[in-house]
Amino acid sequence: TPVIAWLRRDLRLTDNPALRAACAGGGPVIPVFIHDDSVAALGAAAKWRLGLSVAALARDLEARGSRLILRRGDARDVIPALVAETGAGAVHWSRLYDPDAIARDGAIKAALKEGGIVAESHNAHLLFEPWTVETGSGGFYKVYSPMWRAVKDREVPEPAPAPARIPAPEAWPASDALEDWRMGAAMDRGAAVCLPHQCVGEQAAQGRLGAFMAGTIDGYRDARNNPAVAGTSNLSENLTYGEISPRQCWHAGLRALHEGKRGAEHWLRELVWREFAYHLMYHTPEILTRNWRAGWDAFPWTEGCAADVLRWKQGRTGIPFVDAAMREMYVTGRMHNRARMNVASYLTKHMMVHWRVGMDWFAECLTDWDPASNAMGWQWTAGCGPDAAPYFRVFNPETQLAKFDPEGGYARAWIAEAQARPPQTALSYFEAVPRRWGLSPGDPYPAPLVGLAEGRKRALAAYEAREF
Ligand code: FAD
């Protein structure tokens, strides 16, 4: 009997426990990807980038004599229908941890089991399942450092190779054509501007990890803070779609540590920040939508004036670090971590706009968008999240830029205005933006939307007047 491997955020052949389990019995395997509501709800950049990842996986499967069957609809209907159609006896998938996915997958598992079908979920997306890491008193970690200490020496299974064989069924069930899904429909700038900045698919992700381990990781500890240098791995994009597994990253990091690479421990710590975000989302799913510390509900954040929020989105606040970062994200689908903290701080503190506004724009523009890390990052910076930066620590994007990019390369790379010969990166922003924004590289660079001293003073006054 055939077995279905339902692939979602594990778009790879190696270290893919669901695919391995599906192949284990030696019977025909039907890999399937479903375009459901969770895909429909993605932001423009993430949906476009997911489409590239699905295409890459389909090619990899075809090279192994298999296929990726594409179906559209509610997985609660699609999976049982595919089981009935193919006579499959089992369905395997890798777990997801956001509340909608948990509810959906639980319902599917129960329905399949009731029908006598084997339904098994596996761990492919995390190093440590959220229910396996507990504090001394039995709860989950709400602070990062003790969680790091609790997990850093844990045994993490070695990544598994790709299945030796992915047996094909005699006849393939029908599949949608990926082009018909038009995953890039909302992403005008995708192919023209954003594509060269993506590193798509499993082989590319492995190449990226290999290059990082062979070079950059040694200086990671310092270089990771400079937004103008390629000092980090950029693997968030690949981890998001599961083009690489966290176990593959972890073990590569451990090898680097044993080889004495100086940045290795720091990099492993960052992988645990990702775990921390997932554990928080699992145990407190309200982190995705509400102030994690409910006391902050009284804080006078606003939705912001539409024109001002648009200027923040466009990278036209008149604050070079903020603007360079917002443009980097619009063009490449990524933003440097230090820049993320600065733009988030400027929006939520200097502009006093609710973190949800910024979180939603990131979800629209990031190709490494991740529900857990994005929500945690915004709430951390805004001050209302777990283990958050104290609210009174208002990032000063001017001194931050001077400290972390003393050569000024980041602003030059992304802000064309007032440069006699702007680099292609800065110009590509103007190719990327919609015409209705009416922007041109010859425009004068705007004066600050909110001055740094003035904004800081206002934010601190609101914080001090709070009643929570
Ligand atoms: P590296 O420095 O090479 O780190 C290795 C890996 O560790 C990353 O790929 C990532 O998976 C993980 N990691 C590193 N830093 C963090 C962190 N602070 N939180 C969680 N995981 C981390 N990350 C996303 O993947 N998706 C998001 O949507 C996202 N939104 C963010 C929003 C805000 C406001 C902030 C402050 C941070 C956000 N981050 C997000 C976290 C972080 O900025 C990115 O993970 C990091 O910039 C990715 O670059 P890299 O792959 O080169 O990381």
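How many Å separate the centres of domain 1 and domain 3, taken over C-alpha atoms? The first legend has the reply. Welcome to a predicted model, in which local features need pLDDT of at least 70, side-chain atom pairs count only at pLDDT 80 or more, and totals for chains, interfaces and linings use all residues. Residues are numbered from 1 along each chain as its sequence is written.

View 1. The chain splits into domain 1 (3–123), domain 2 (126–156 + 192–283) and domain 3 (294–464), with bounds from an automatic or database domain assignment. Over C-alpha atoms, the centres of domain 1 and domain 3 are 36 Å apart. Their contact involves 6 residues from domain 1 and 8 residues from domain 3; contact here asks for C-beta atoms, placed from the backbone, within 7 Å. On the domain 1 side, 3 of these residues are nonpolar, 1 is polar and 2 are charged (nonpolar: Ala, Val, Leu, Ile, Met, Phe, Trp, Tyr, Cys and Pro; charged: Asp, Glu, Lys and Arg; polar: the others, Gly among them).

**View 2. The shell around the ligand.** Of 28 residues around the ligand, Thr232, Ser233, Ser236, Asn374 and Gly377 come nearest; a residue counts as near if its C-beta atom, placed from the backbone, lies within 6 Å. Two or more residues each come from helices H11 (236–241), H13 (264–283), H16 (337–350) and H18 (371–382), and H13 gives the most, with 6 residues. Helices (H or I, at least four residues) and strands (E, at least two) are DSSP runs, numbered from the N terminus. The shell holds 12 nonpolar, 10 polar and 6 charged residues. Because domain 2 and domain 3 both give residues to this shell, the ligand lies between them.

**View 3. An open sheet of 5 strands.** The strand order is E3-E2-E1-E4-E5, with parallel pairing; a pair needs at least two DSSP bridges. Strands E3 (69–72) and E5 (118–122) stand at the edges with a single partner strand each, so one side of each has no neighbour in the sheet. Neighbouring strands are turned by 25 degrees against each other on average, direction ignored.

View 4. E1 (residues 3–6) and E2 (residues 29–35) pair in the parallel sense over 4 bridges, and Ala5 has Pro31 of E2 as its bridge partner. Helix H5 (residues 99–114) lies across E4 (90–94) and E5, running at about 150 degrees to E5. Axes are lines fitted to C-alpha atoms, for helices over the stretch in contact, with angles from 0 to 180 degrees between N-to-C directions.

Methods:
Contact = placed C-beta atoms within 7 Å.
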